[in-house]
Amino acid sequence: MSALLDVQDVHTFIGQFHILEGVSLRVEEGQITALLGRNGAGKTTTLRTIMGMTPPARGAIFFDGRPIHGLPTYEVAQLGIGYVPDYRAIFRHLTVEENLHLAERRKGDLKRKADFIYHLFPDLARLRHLKGGQLSGGQQQMLAIARVLVPDNRLLLIDEPTEGLAPVLVEQLVEAIRQLREQTTVLLVEQNFAVARHLADTFVIVDDGRTVCQGTMEELANDPATVHRYLGVAVGGEA
Ligand SMILES: Nc1ncnc2c1ncn2[C@@H]1O[C@H](COP(=O)(O)OP(=O)(O)O)[C@@H](O)[C@H]1O
Ligand SMILES: [Mg+2]
């Protein structure tokens, strides 16, 4: 089976530092794949490398069978990959609705998607006339995710969406991401193993800039030694 996203032995430098030293992963269409690993393992750099923000010096990246390594970020985005970085990438001085409007790739995108987005995030519907900066941290994260749902993206790269959120908001966000599975494919960086385990079909672990293992989430949940070794947590626990 050919994967929607196929990252093959990617090496990435930031300045003189060799940050990724062999990352490989596959994301199958219609699935949620968790990208896991300790702090500093190279998860964010992997997403940025896919987006062409820190282009790979070696290796290959295929999206829907087409090579995308070497493409500028805007072209990668135009092919249908949405990126939600680990900071809340919203316009604080614009309203919720204006934030969504600016996320359009084609005229009419928001009109087509508004019902779906506001159903997924009822808070955003209620607060659509408030400014981004007036939202809570959790609502800002919802808006950041909502923005990549406006255009027709086939793959979403989401970096640590639940970080720093109160448990009740984590629950809301988890439910929303779970519902996204029916619409799109997700590569999700998630530090909370309980959340990753609940959401993801498959996983890949990076450690020290390298892929160390990949498989189904069920296999990982049944392998406490691997979870402990690379993630430093117990399978059942939160941290
Ligand atoms: N701009 C940078 N300059 C130098 N080193 C960096 C830079 N960005 C990230 N790194 C280093 O690259 C490694 C991987 O970082 P990152 O991809 O952010 O890890 P993760 O997202 O898994 O926590 C870390 O050791 C980090 O210190
Ligand atoms: Mg990171």
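In this predicted model, the largest pocket is lined by 19 residues, and those lying nearest its centre are Ala77, Gly82, Tyr83, Arg147 and Val148. The volume of this pocket is about 360 Å³. Three elements, helix H2 (73-78), strand S6 (81-84) and helix H6 (137-149), each supply at least two residues of the lining. Of the elements, S6 gives the most, with 4 residues.

Sorted by class, the lining comprises 13 nonpolar, 3 polar and 3 charged residues.

Attention may now turn to ligand 1. The residues around ligand 1 are Ile14, Phe17, Ile19, Arg38, Asn39, Gly40, Ala41, Gly42, Lys43, Thr44 and Thr45. By class, this shell has 4 nonpolar, 5 polar and 2 charged residues.

Several polar contacts involve oxygen atoms of the ligand. A polar backbone atom of glycine 40 is 2.7 Å from an oxygen atom of ligand 1, and a backbone N or O atom of glycine 42 lies 2.9 Å from an oxygen atom of the ligand. Lysine 43 contributes through its side chain, a polar atom of which lies 2.7 Å from an oxygen atom of ligand 1. Taken alone, ligand 1 exposes 560 Å², and the protein buries 58% of that area.

The largest share, 3 residues, comes from H1.

Note on methods:
Residues numbered from 1 in each chain as written. Chains lettered and ligands numbered in written order. Predicted model: local features only at pLDDT ≥ 70, side-chain atom pairs only at ≥ 80, totals over all residues. Heavy atoms only, no water. 1 Å grid on protein atoms, 1.4 Å probe; cavity = no way out; pocket = protein on both sides within 12 Å on 5 of 7 lines; lining within 4 Å. Points joined across faces, edges and corners; volume = space filled by probe spheres on them. Nonpolar A, V, L, I, M, F, W, Y, C, P; charged D, E, K, R; others polar. Near = heavy atom within 4 Å. Polar contact = N/O pair within 3.5 Å; in protein donor to acceptor, adjacent residues only side chain to side chain. Areas by Shrake-Rupley, 256 points an atom, 1.4 Å probe, with all protein chains shown as cover.
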